[in-house]
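I opened the model to look up a few points and wrote them down in order.

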Amino acid sequence: MGTKKRMYGVNNAFGRRLPENTALCIKEVFGGFYSHQCTRKRRYGKGKLWCKIHDPDYIKKKDKASQKEYDGKYKIWKEKNRRACLIEKLCGHISTNKLHMYKLTLKKRFRLSFS
Ligand SMILES: [Zn+2]
């Protein structure tokens, strides 16, 4: 088992791949047509090999958080869609004019508001 140094850089100013800087995060960062080793100091994750934002645990946590946010938004959207479908089912056969009149009546009688 060798402790081969990692190599970094595609299309960089030196025209060749550069050996790992062992003080820096091990992530290879890509920007357009070139790449380089991450320039942040390593101090996070297993073996303290990553910077904060490239720490695999941090990335996992972030992914989980955004998944949670997405799930929440999807739940709200689904509920809104369900209601819209229900309204369509209940009122779809009623003409727009009549529906408008019903709305006005309900508004007057029950002080209900519609969007
Ligand atoms: Zn990094």
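Into which domains is the protein divided? I find domain 1 (1-54) and domain 2 (58-115), with bounds that come from an automatic or database domain assignment. This is a predicted model, in which local features need pLDDT of at least 70 and side-chain atom pairs count only at pLDDT 80 or more, while totals for chains, interfaces and linings use all residues. Residues are numbered from 1 along each chain as its sequence is written. I looked up the separation of the domain centres, taken over C-alpha atoms, and it is 49 Å.

I noted strand E3 (residues 28-31) and strand E4 (residues 34-37), which pair in the antiparallel sense over 4 bridges. Pairing requires that DSSP finds at least two bridges between two strands. Strands (E, at least two residues) and helices (H or I, at least four) are DSSP runs, numbered from the N terminus. Opposite Phe30 I find Ser35 in E4. The hairpin of E3 and E4 has 2 residues between the strands, and Gly32 takes a positive phi near 70 degrees there.

Entry on helix H1. I placed Glu88 in helix H1 (residues 56-91). Is Glu88 buried or exposed? Glu88 counts as exposed because it has 10 C-beta neighbours inside 10 Å. The cut-offs are 20 or more other C-beta atoms within 10 Å of its own for a buried residue, 12 or fewer for an exposed one, and partly exposed in between, with C-beta atoms placed from the backbone. Between the C-alpha atoms of Glu88 and Leu24, 64 residues apart along the chain, I read 59 Å. Gly72 also has its place in helix H1. I list Gly72 as exposed because 10 other C-beta atoms lie within 10 Å. Gly72 and Lys61 are 11 residues apart along the chain, and their C-alpha atoms are separated by 17 Å.

Entry on helix H2. H2 is hardly covered, with a count of 0 buried residues among its 15. Just after H2, I noted a positive phi of about 55 degrees at Arg111.
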